[in-house]
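Colleague: I have a model open and want to learn how to read it. Can you take me through it feature by feature?

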Amino acid sequence: MIDVKIDRSDPTLLHDQVAGQIRRAIADGEAQPGERLAPARDFAAVMGVNTNTVLRAMRLLRDEGLLEFRRGHGIHVAGTPERSTLLAQANELLRYARHNGYPREELIKIIQSLP
C-alpha cells in the first residue's frame, strides 16, 4: 500500500492532503499505471480518517485523470502527474528568488515558514 501521511496541524484540508500524498506516490513511481490501489477503507484505517475523506481525495484524482474506478475491480492508477511541471515551477521560483537577491537557503526558510 502507498505510504500516505497526513498532518493534522497542517491547515490543508484532510482530503487535499490525502490526494497530494497519492499524487506524489504516483509521480515518484510508488504506484504504477494499471496498479490496483488498496481499498479506501484500508487507507482510512491506516491514516485514522473517515473513509469518505479518502474517497473524496480519490474522486479528485479520478477527475484529474490519475485514477480510474472500475466497478467490481477496485481503483487503479490511470496516469501520472506532471512531475516535470512541478520541477519547472520550482526552478522558476528559485530563479526569481535569486534575481531578487534571495539565496536558495533563504528561499527554503521562507517556504518552511508558510502555513
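Predicted model: local features only at pLDDT ≥ 70, side-chain atom pairs only at ≥ 80, totals over all residues.

Colleague: Start with the overall layout. How many helices and strands are there?

Modeller: The protein has 5 helices and 2 strands. Along the sequence they run α-α-α-β-β-α-α. The C-alpha atoms fill a box of roughly 55 × 30 × 20 Å along the principal axes. Of the 115 residues, 27% count as buried.

Colleague: Which residues of α3 are buried?

Modeller: First the general idea. An α-helix has 3.6 residues a turn, so residues three or four places apart point the same way. Now the case here. Thr53, Val54, Ala57, Met58 and Leu61 are the buried residues of α3. Viewed down the helix axis, they fall within an arc of 130°, so they line one face. The face turned away from them carries the exposed residues Asn52 and Asp63.

Colleague: What do the buried residues of α3 pack against?

Modeller: Their partners are α1 (14-27), α2 (40-47), β1 (67-70) and β2 (74-77).

Colleague: And the ends of α3?

Modeller: Look at the start. A side-chain oxygen of Asn50 comes within 2.7 Å of the backbone nitrogen of Asn52. Just after the helix, Gly65 has a positive phi of about 85°.

Colleague: Is His15 buried or exposed?

Modeller: Check the relative accessible area; under 20% counts as buried. His15 has 10%, so it is buried. This residue sits in helix α1. Its side chain makes a polar contact with the side chain of Asp16, at 3.3 Å. Leaving aside neighbours within four places in sequence, His15 contacts Thr53, Arg56, Ala57 and Leu60.

Colleague: Which residues have the most contacts inside the largest nonpolar core?

Modeller: That core has 23 residues, and the ones with the most contacts inside it are Ile2, Ile22, Leu37, Phe43, Val54, Met58 and Leu67. Elements giving two or more residues to it are α1, α2, α3 and β2. The most come from α1, with 5 residues.

Colleague: What does Leu67 touch?

Modeller: Not counting residues up to four places away in sequence, Leu67 touches Ile26, Leu37, Met58, Leu61, Arg62, Ile75, His76, Val77 and Ala78.

How values were computed:
Residues numbered from 1 in each chain as written. Heavy atoms only, no water. Buried < 20%, exposed > 50% of the residue type's maximum accessible area, 1.4 Å probe, protein only. Helix = DSSP H or I, 4+ residues; strand = E, 2+ residues; numbered from the N terminus. Arc of directions from axis to C-beta. Contact = heavy atoms within 4.5 Å. Polar contact = N/O pair within 3.5 Å; in protein donor to acceptor, adjacent residues only side chain to side chain. Core = buried A, V, L, I, M, F, W, Y, C linked by side-chain atoms within 4.5 Å.
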